[in-house]
Amino acid sequence: MTTSIPGLLIAAPEPALVARAAASRMGKFIREAIRDRGIAHVALSGGSSPNPAYELLAKEPLDWCKVHIYWVDERAVPPANDRSNYGAAKKALLDRAEIPDANVHRMRAEASDLGEAAAEYETILRKTINDKADGGIPRLDLVVLGIGDDGHTASLFPGEPTMHVTNKLVCAVAANAARGREARMTLTSPVLENAHASVILVVGKAKHPALSRVWQSSGSLDDTPARIIRSFRGQTTWLIDHEAGSFGECKN
Ligand code: 6PG
């Protein structure tokens, strides 16, 4: 089986250095978007890997008034819940950077009708992002992603239909009791694929098998939805620690 890494790989010996490199890479893409298009539309993932990077991103000298924040996915919990992706980003980034409230576009995944809330979020994306790809798909300037141990990315999970949704920009994801997962809302592959840039953070030994499956030249999207990253149109940057890459220890 051959391996091909789709994009730029930045590997660091430990998670703190991954976070530092990720924040600097995110800052670069945001600055470039503002320079080239006058505005930066950024979608954030949840999970534990990106939070230290968001804290460092808050310290970047950016024109935050020109930055709009969205979410890649959200769990069906209220914003103050510990599992809320919005809540985590609020603590790590929104409370630390001067981002106007009007620029923060939260997914209302706590709504009783998740399908309706997803449709509303699609309307927000269409309205606020003027830059469009073929088919009128809004182009985010930067998407921040992680990869789950099972090979998911965003809330596109192995063996679930959401992976193949192409007629919506945002969709509801059913709860999966067997996997102990609540319902969610997620951006779909057409939006993710058309972003100008993506930053993917992968930290820890448990991620190695999934990461290997993503980097293998052939494989199945149903088994490893994160393989959609291979078809991204924009610049992709992988930020991984040595454990996720199984590179072993760094010796001088
Ligand atoms: C979520 C996500 C999800 C996440 C991965 C990696 O809300 O759970 O957005 O796709 O990025 O599960 O999570 P970790 O950073 O915790 O490894």
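This is a predicted model: local features need pLDDT of at least 70, side-chain atom pairs count only at pLDDT 80 or more; totals for chains, interfaces and linings use all residues.
Me: Start with the fold. How many helices and strands are there in the protein?
Reply: The protein has 7 helices and 9 strands. Its radius of gyration is 17 Å, close to the 18 Å that the globule rule gives for 252 residues, so the protein is as compact as a globular protein of that length.

Me: What does the C-alpha trace span along its principal axes?
Reply: About 50 × 45 × 40 Å.

Me: Now the ligand. Which pocket does the ligand take?
Reply: The ligand takes up the space of the largest pocket.

Me: Which residues come nearest to the ligand?
Reply: Ser49, Asp73, His152, Ala154 and Lys207, out of 16 residues around the ligand.

Me: How many of the shell residues are nonpolar, polar or charged?
Reply: The shell has 9 polar, 4 charged and 3 nonpolar residues.

Me: What about the backbone of Gly46?
Reply: A polar backbone atom of Gly46 is 3.1 Å from a ligand oxygen.

Me: How much of the ligand's accessible area does the protein cover?
Reply: The protein covers 90% of it; on its own, the ligand has 420 Å².

Definitions and conventions
Residues are numbered from 1 along each chain as its sequence is written. Side-chain values use heavy atoms; hydrogens and water are left out. A residue is near a molecule or strand if one of its heavy atoms lies within 4 Å of it. A polar contact is a pair of N or O atoms within 3.5 Å; within protein, one must be able to donate a hydrogen and the other to accept it, and residues adjacent in sequence count only if both atoms are side-chain atoms. Accessible areas come from the Shrake-Rupley method with a 1.4 Å probe; for residues, only the protein chains shown count as cover. On a 1 Å grid over the protein atoms alone, a cavity is a set of points where a 1.4 Å probe fits but cannot get out, and a pocket is an open set with protein on both sides within 12 Å along at least five of seven lines; lining residues have an atom within 4 Å of a point. A molecule sits in a cavity or pocket if more than half of its atoms lie within 2 Å of its grid points. Ala, Val, Leu, Ile, Met, Phe, Trp, Tyr, Cys and Pro count as nonpolar, Asp, Glu, Lys and Arg as charged, and the others, Gly among them, as polar. Helices (H or I, at least four residues) and strands (E, at least two) are DSSP runs, numbered from the N terminus. The radius of gyration is taken over C-alpha atoms; the globule rule is 2.2 Å times the number of residues to the power 0.38.
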